[in-house]
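Colleague: I would like to learn how to read a strand and its surroundings in a model. Where do we start?

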Amino acid sequence: MELEFVGAAREVTGSCHILRAAGKTIVLDCGLFQGKRTESHEKNLRLPVPIEQIDAIVLSHAHIDHAGRLPFLVRHGYNGPIWCTPATRDLCAVMLADSAHIQEKDAEFLARRGKEPVEPLYSLRHAVRTIELMTAVPYRRPFDVVPGVRATFIDAGHILGSASVALDCTEGNATRRLVFSGDIGRSGLPIIRDPEAPDGADVVVMESTYGDRSHESVEGARARLASVIRETAARGGRVLIPAFAVGRTQELVYDLHVLARAGAIPAIPIFIDSPLAIDTTSVFEMHPDVFDHGEDLVQKVQDLFRFDLVRYTRNVEESKALATMHGPIVIIAASGMVESGRILHHLAQGASDQRNTVLIVGFQAEHTLGRRIVERRPVIRVFGEEVPLRAEVVVINGYSAHADRAELSSWIDRVREHSPRLRQVWLVHGEPPAQDELATALGAKGLTVGCPLPRERHEF
Ligand SMILES: [Zn+2]
């Protein structure tokens, strides 16, 4: 039995690993590489393994750095099963279609600018076919990925439908359990359940995104969200929140619902200005079975994402009309890193008004407009125009969906407690400083830890 690390090896995007066991080849995740355009495009064009060798694919969750290259495999002829949870399949239906759309738009944009043409990785047709190949299996129900490899999804508590996967690989008389963590979430995140720890592992492939960092608490984030809205409303301003349409927006709406019921925020209109967020909210509403039923709001309220203050704006006219509204309001719009989407229109209009607040709730990568806002540059460039940044800028990092250093450590402790045969931990999905710090910490607990490079292969 052998593991080969292809993507998210010493980096955070392009999650993809190859499991060879029982004479078969199984691909675990196939996500997009993101980052500098040319470099990531080249990586995205490389097939992880010749298509005809792939017997099955297992997908941990719907984030684009885990699922975003599946339609590319389909475009190149992949026609086999893709196993995932029901919520992951439904989120992928929204996200892969959006990904195809973005790629086509990007290609058009570059062509218009006279830049070197970039062919989209895939089109909507391939995204649709990918969804058709998906077979959804609920948590904790074992299934045969291929003969000799039996898998079970365990709730990873990261986004709706996210899973860690336990894979029991049998060759002759020997069975070994490989645990692939997927992305590990956090206790107390709104809506979704807390991460569970698989047991009986011989080998663990584990994410390490925030292996060197600590997050603000989830409760602290909610309290700060309330105070930002109260203060901005008191001075008659707008709260502009750039947010990823899938997951983060629903968490914010849920938290605003909790705060509104508690009377912790003033009764001002809250606009969710994103068609993708509307579609994603519908997917959430289809899967109440995987919500955290220990949470008060989940127990008491039927419509978690619809309450009297919240309005969803789908079409462009409704979105434009927000510009002429008077008085304090909250606007949540994509994109999360302020690179595209309707949030740009709201910033072009609102960034120069010192009564307003730009509230940053997600990670902002280098070279993005979001990062320049976090750095509080005096002037930002929106649609090619210079806009003075006079609005207040507030950053809340407690909404991260990834476990931090202490939470990763406690996850592996829980796995280990019920895994007497655990021999090896491979760290993936982390930049080198985060991986090295986590590797040292886990090594000090007596675990054998490795941080594989791309294309490294290991038997187990
Ligand atoms: Zn993720």
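Modeller: This is a predicted model.

Colleague: Why are the residues listed in two sets?

Modeller: Because side chains in a regular strand alternate between the two faces of the sheet.

Colleague: Why is β2 described as largely enclosed by the rest of the structure?

Modeller: Buried here means under 20% relative accessible area. Six of the six residues in β2, residues 16-21, are buried, so the strand is largely enclosed.

Colleague: Which strands pair with β2?

Modeller: Strand β1, residues 2-7, pairs with β2 over five bridges in the antiparallel sense. Leucine 3 has leucine 19 of β2 as its bridge partner. Strand β3, residues 24-28, also runs antiparallel to β2, and five bridges join the two. There, histidine 17 is bridged to leucine 28 of β3.

Colleague: How many residues lie between the strands in the hairpin of β2 and β3?

Modeller: Two, and in this hairpin alanine 22 has a positive phi near 55 degrees.

Colleague: Which residues have the most contacts inside the largest nonpolar core?

Modeller: Val145, Leu167 and Leu225, in a core of 113 residues. Leaving aside residues up to four places away in sequence, valine 145 touches Ile26, Ala56, Val58, Trp83, Ala151 and Leu167. Another core, of 21 residues, lies apart from the largest one and includes Phe271, Leu322, Ile331 and Ile343.

Terms used: Residues are numbered from 1 along each chain as its sequence is written. This is a predicted model: local features need pLDDT of at least 70, side-chain atom pairs count only at pLDDT 80 or more; totals for chains, interfaces and linings use all residues. Side-chain values use heavy atoms; hydrogens and water are left out. A nonpolar core is a set of buried Ala, Val, Leu, Ile, Met, Phe, Trp, Tyr and Cys residues joined through side-chain atoms within 4.5 Å. Buried means under 20% relative accessible area, exposed over 50%, partly exposed in between (1.4 Å probe, protein chains only). Contact means heavy atoms within 4.5 Å. Helices (H or I, at least four residues) and strands (E, at least two) are DSSP runs, numbered from the N terminus. Two strands pair if DSSP finds at least two bridges between them.
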